[in-house]
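Subject: Structure for your review

Dear colleague,

Please find below the structure that I am handing over to you. A summary of the findings follows it.

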Amino acid sequence: MMSSKTFLRTVICGFIATFIMAMVSFLQAGIGLPTIDIAYLIDQSLNHVHGAEVYSISWANTAYIIGGILMALFWVAFLQDRIPGNWFIQGVIFGIVISIFSGAVVGPLVSSAAGDSFGLFYMNTWFPGKILLAGIIMHLSYGISLMLSLKVAGVNGLDPVS
């Protein structure tokens with residue numbers, strides 16, 4: 001069972017980790033990696049489906065942030081007690097799992113919805129290796145910052161049922 005205190009702390013930690021992931025994504029251009037603007041990809045996908053500019057970038061950013069919060073809640077509810085290691089190791093593991101899921105499932109589906117396929121692990125892009133590396137760095141920043149935030153917030157999995 002998740003108490004309201006654990007829920008709220010997890011939501012805040014998910015927001016923080018999502019923000020850090022977005023900033024890392026934008027800053028990667030400074031080291032020669034592509035900027036991966038997830039909100040823009042969501043915006044383009046939603047509007048492509050409708051054939052018009054129905055959604056603004058604000059809606060896409062909201063969806064992006066909610067997605068990051070949901071991943072944090074998923075971690076606490078289902079994985080935190082099952083993945084071994086300290087907060088850093090758990091962050092690395094979760095970041096890699098998210099990166100694999102994004103490259104194999106989310107990326108191909110979102111890009112297809114936007115009218116152009118990135119392919120499996122971004123193989124249909126101009127620089128698949130750079131995009132894959134940028135995605136791994138971005139997701140590692142999410143996983144590590146989420147685990148550190150959860151540790152500082154005192155979230156240690158679901159609360160015991162009394």
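What span should the 13 residues of H2 have at 1.5 Å a residue, and how far apart are its end C-alpha atoms? The 13 residues should span 18 Å, and the end C-alpha atoms of H2 are 19 Å apart, which agrees. The expected span is 1.5 Å times one less than the number of residues in the helix. Helices are DSSP runs of H or I with at least four residues, strands are runs of E with at least two, and both are numbered from the N terminus.

The model is a predicted one, in which local features need pLDDT of at least 70 and side-chain atom pairs count only at pLDDT 80 or more, while totals for chains, interfaces and linings use all residues. Residues are numbered from 1 along each chain as its sequence is written, and side-chain values use heavy atoms, with hydrogens and water left out.

Helices H2 and H3

In H2, the buried residues are Ala-39, Ile-42, Asp-43, Ser-45 and Asn-47. Here buried means under 20% relative accessible area, exposed means over 50%, and partly exposed lies in between (1.4 Å probe, protein chains only). The cover over these buried residues of H2 includes H3 and H4. Contact, here and below, means heavy atoms within 4.5 Å. After H2 comes Gly-51, with a positive phi near 75 degrees.

Helix H3 covers residues 57–79, which makes 23 residues. From its first C-alpha to its last, H3 reaches 31 Å, close to the 33 Å expected at 1.5 Å a residue. Its buried residues are Ala-60, Tyr-64, Gly-68, Ile-69, Ala-72, Leu-73, Trp-75 and Val-76. They pack against H1, H2 (38–50), H4 and H5 (128–153).

The nonpolar core

The largest nonpolar core has 25 residues, of which Trp-75, Phe-94, Tyr-142, Leu-146, Met-147 and Leu-150 touch the most other members. Such a core is a set of buried Ala, Val, Leu, Ile, Met, Phe, Trp, Tyr and Cys residues joined through side-chain atoms within 4.5 Å. H1, H2, H3, H4 and H5 are the elements that give two or more residues to this core. The largest contribution is that of H5, with eight residues. Beyond its neighbours within four places in sequence, Phe-94 is in contact with Met-71, Trp-75, Leu-79, Tyr-142, Leu-146 and Met-147.

Ser-99 lies in H4 and is buried, at 6% relative accessible area. Neighbours within four places in sequence aside, Ser-99 is in contact with Gly-135, Ile-136 and His-139. Ser-102 is also placed in H4 (residues 87–113) and is buried, with a relative accessible area of 12%. Not counting residues up to four places away in sequence, Ser-102 touches Gly-107, Pro-108, Tyr-122 and His-139.

Tyr-122 belongs to the loop between H4 and H5. Tyr-122 is not a glycine, yet its phi is positive, at about 65 degrees. Its relative accessible area is 10%, so Tyr-122 is buried. Phe-121 is in the loop between H4 and H5 and has a positive phi near 55 degrees. With 27% relative accessibility, Phe-121 counts as partly exposed.

The 26 residues of H5 should span 38 Å at 1.5 Å a residue, and the 37 Å between its end C-alpha atoms agrees with this. Gly-154 follows H5 and has a positive phi near 80 degrees. Within H5, Ile-131 is buried at 19% relative accessible area. Its contacts, leaving aside neighbours within four places in sequence, are Pro-34, Ile-36, Tyr-122 and Thr-125. Ile-131 and Gln-28 are 103 residues apart in sequence and 11 Å apart in space, C-alpha to C-alpha.

Met-23

Met-23 lies in helix H1 (residues 4–27). At 34% relative accessibility, Met-23 counts as partly exposed.

Kind regards
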